[in-house]
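Welcome, and thanks for taking a look. Here is a short briefing to read alongside the model.

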Amino acid sequence: MSQNSTMLAYGDAIRQGFCYLFDNDPSVFAIGQGLWSPWYVGNTMLDLDKLYGKARVIDTPVSEAACTGAAIGASLFGKRAVAIHPRMDFMILAADQMVNQAAKWSYMLGGQASPAVTIRGIVNRGGEQGAQHSQALHSWYAHIPGLRVVMPATPTDARDLLISSVLCDDPVLYIDDRWLYDVAEQDRDVDLQPLETVTPKLRRNGGDITLVAASYSVQLCLEAAGLLEKEGIECGVIDLRVLNPMDSQLITSEVSRSGRLLAVDGGWSTCGLAGEVIATAAERVLPRQWKAAPVRVTLPDSPAPTSGSLERLYYPTVESVCVAARNMM
């Protein structure tokens with residue numbers, strides 16, 4: 001792909017992805033709460049209702065179940081709908097539509113019908129928002145067969161994987177994190193790739209420890225790897241990108257080489273993504289290849305606090321990743 005010198009921020013990249021979809025596929029529309037607001041979903045959909053009309057960017061009343069059900073129904077009749085939930089916490093109210101309906105249609109009907117629906121859930125943490133507004137529940141949904149789960153960590157992936165998700169014929173949960181919205185990288189042309197071919201990506205080479213993460217946690221790992229390099233510890237960083245189905249090949253090959261695995265996640269440990277990564281490696285990497293027991297850096301087993309000082313202790317940080325890596329050495 002050709003390169004240019006402009007920088008692309010994560011939030012702008014999502015908006016760019018929607019523009020590409022609206023420009024190129026008349027069957028695409030978005031539905032959800034606060035889509036006409038200048039702040040409700042950050043800058044990711046700014047003025048799209050003005051550019052493409054309110055029939056394609058539909059702002060709904062507060063009913064997660066209704067807007068998700070409408071999107072799934074429209075997708076069964078040829079539309080490519082994107083149902084948007086500005087807070088992933090309240091997307092739980094649409095769990096029946098996602099888990100019992102969208103994820104099951106193809107299996108129940110022998111592949112004769114499947115909703116090509118994308119559900120966008122936004123992780124919106126920090127800022128003293130408290131326990132009911134700060135959850136990243138990706139591991140819940142990654143447990144469900146028939147529902148693809150996507151978590152982009154970089155701006156160009158945020159754009160390109162959004163496009164791939166919406167153009168996929170399977171139901172997809174696309175999760176973005178507002179802590180990433182200001183992260184920027186050099187822009188490049190859209191890379192159209194069928195979602196079923198997207199695999200984990202090695203963001204950084206390193207033979208001492210393999211760090212595995214998704215979404216915002218990838219940025220923590222990359223920053224930590226830069227600091228640890230100055231101490232003589234070389235860390236490889238794997239960006240999972242797609243949680244379900246999870247491709248294990250890169251994890252297996254990198255951990256077999258390094259002998260050490262540090263899984264970093266913005267969710268809880270119990271039945272979480274980090275545990276799944278470790279189990280995946282434990283099943284595939286030979287016992288003689290391990291140099292240390294695998295380690296998880298996750299949230300403590302507690303709902304999110306409201307106090308800012310407690311938040312600083314609650315969420316994984318670059319330093320907590322560094323401490324875990326140093327201990328493994």
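Predicted model: local features only at pLDDT ≥ 70, side-chain atom pairs only at ≥ 80, totals over all residues.

Residues are numbered from 1 along each chain as its sequence is written, and side-chain values use heavy atoms, with hydrogens and water left out.

**Salt bridges**

- The whole structure holds 16 salt bridges (a side-chain nitrogen of Lys or Arg within 4 Å of a carboxyl oxygen of Asp or Glu).
- Aspartate 157 pairs with arginine 203, with the closest N and O atoms 2.8 Å apart; aspartate 157 sits in helix H7 and arginine 203 in strand E10 (residues 201-204), 46 residues apart.
- Helices (H or I, at least four residues) and strands (E, at least two) are DSSP runs, numbered from the N terminus.
- Aspartate 157 is buried at 3% relative accessibility, while arginine 203 is partly exposed at 24% (buried is under 20% relative accessible area, exposed over 50%, partly exposed in between; 1.4 Å probe, protein chains only).
- Asp157 and Arg203 also belong to a salt-bridge network with Asp239 and Arg241.
- Aspartate 160 and arginine 188 form a salt bridge at 2.6 Å, N to O, and both are buried.

- Aspartate 89 lies in the loop between strand E5 (80-85) and helix H4 (95-102).
- Aspartate 89 is buried without a salt bridge, and arginine 87, the nearest side chain of opposite charge, is 5.5 Å away (Lys and Arg count as positive, Asp and Glu as negative; His and the chain ends are not counted).
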